[in-house]
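Hi everyone, thanks for making the time today. I'd like to walk you through one protein chain, so please have a look at it with me.

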Amino acid sequence: MTRLPSLIGLASLVAVAGCHSAGPYGFSPTYAPSVEEEKAITGARDYDPVMFAREPEAWRKSNVTLFGVVTSRAPGPGGAVYMTMSVRKLETRNLCSNRNDEESCRVTVSDHDFGVVHALVALRPDDDMGEHSLGAGSLVRVVGSFGEDTDPNDGAPVMRAAFYRHWPRYFFVTRKSADLMRQ
């Protein structure tokens, strides 16, 4: 009987050591959504700019998710941030510098821009200011809804984000990096 607790402890240690998290920036060969992200994207549609332009009312009735590279950031109403994003497609596999080291993998998005979207986002304090703050060159995944608002400068749609995930500049790559990184 005295061996049972030690066996349970050993089994727990092995289980914990075997678990590997991709961390906040998704350092793994394939995209790994966070637990909060999984909840936020449940039932959300992947943004399609062509279909949105054809049927905006239908798209306004549900949550939408998209990836975008931030091109500008400005103060928004109520303490939110107003971001302009170049919409990108998430690649099926992340690029890695070393196939034997998941820490060398980076979330990978398309080089191609699929339009412009603006988003109003309430940032967490660590994303608002500091070395890894959200700004031009960051990658974000936003989940939210579109209203009838459009940007006065370019007419692009404005999303009110209910959830976001942020990768600071240099913590993600575009497909263009395939020449330098292996899969």
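Predicted model: local features only at pLDDT ≥ 70, side-chain atom pairs only at ≥ 80, totals over all residues.

Of the 183 residues in the protein chain, 40% count as buried, where buried means under 20% relative accessible area, exposed means over 50%, and partly exposed lies in between, with a 1.4 Å probe and protein chains only. The accessible surface comes to about 10,600 Å², and 56% of that belongs to carbon and sulfur atoms; these areas come from the Shrake-Rupley method with a 1.4 Å probe, and for residues only the protein chains shown count as cover.

Residues are numbered from 1 along each chain as its sequence is written, and side-chain values use heavy atoms, with hydrogens and water left out.

Now the fold. The chain has five helices and nine strands, taken as DSSP runs numbered from the N terminus: H or I with at least four residues for helices, E with at least two for strands. Along the sequence the pattern reads α-α-β-α-α-β-β-β-β-β-α-β-β-β. For contacts (heavy atoms within 4.5 Å) between residues at least 6 apart in sequence, 68% join residues at least 24 apart.

Let's move to the pairing of strands, which requires that DSSP finds at least two bridges between them. S2 and S7 pair in the antiparallel sense over six bridges, and threonine 65 has valine 143 in S7 as its bridge partner. S7 also pairs with S8, again antiparallel, over nine bridges. There, threonine 150 stands opposite proline 157 in S8. S7 and S8 form a hairpin with six residues between them, and glycine 155 in the turn has a positive phi of about 75°.

What packs together inside? As a reminder, in soluble globular proteins, nonpolar side chains tend to be buried together. The largest nonpolar core here holds 20 residues, and Tyr47, Leu66, Met83, Met85, Val142 and Phe146 touch the most other members. By nonpolar core I mean a set of buried Ala, Val, Leu, Ile, Met, Phe, Trp, Tyr and Cys residues joined through side-chain atoms within 4.5 Å. Strands S2 (64-75), S3 (81-88), S6 (116-121), S7 (139-150) and S8 (157-167) each supply at least two residues of this core. The largest share, four residues, comes from S3. For a close-up, take phenylalanine 146: leaving out residues up to four places away in sequence, it touches Tyr47, Phe52, Arg60, Val64, Leu66, Val117, Pro157, Val158 and Met159. A second, separate core has ten residues, including Phe27, Val107, Leu139 and Phe172.

Next, an open sheet of three strands, in the order S4-S5-S9 with mixed pairing. S4 (95-96) and S9 (172-174) are the edge strands with a single partner strand each, so one side of each has no neighbour in the sheet. S4 and S5 (residues 105-109) run antiparallel and are joined by two bridges. Cysteine 96 has cysteine 105 in S5 as its bridge partner.

And which residues form a disulfide? Cysteine 96 and cysteine 105, with their sulfur atoms 1.9 Å apart. With a disulfide defined as a pair of cysteine sulfur atoms within 2.5 Å, the count comes to one. The torsion about its S-S bond is about 100°, so this disulfide is right-handed. Cysteine 96 is buried at 2% relative accessibility, and cysteine 105 is buried at 1%.
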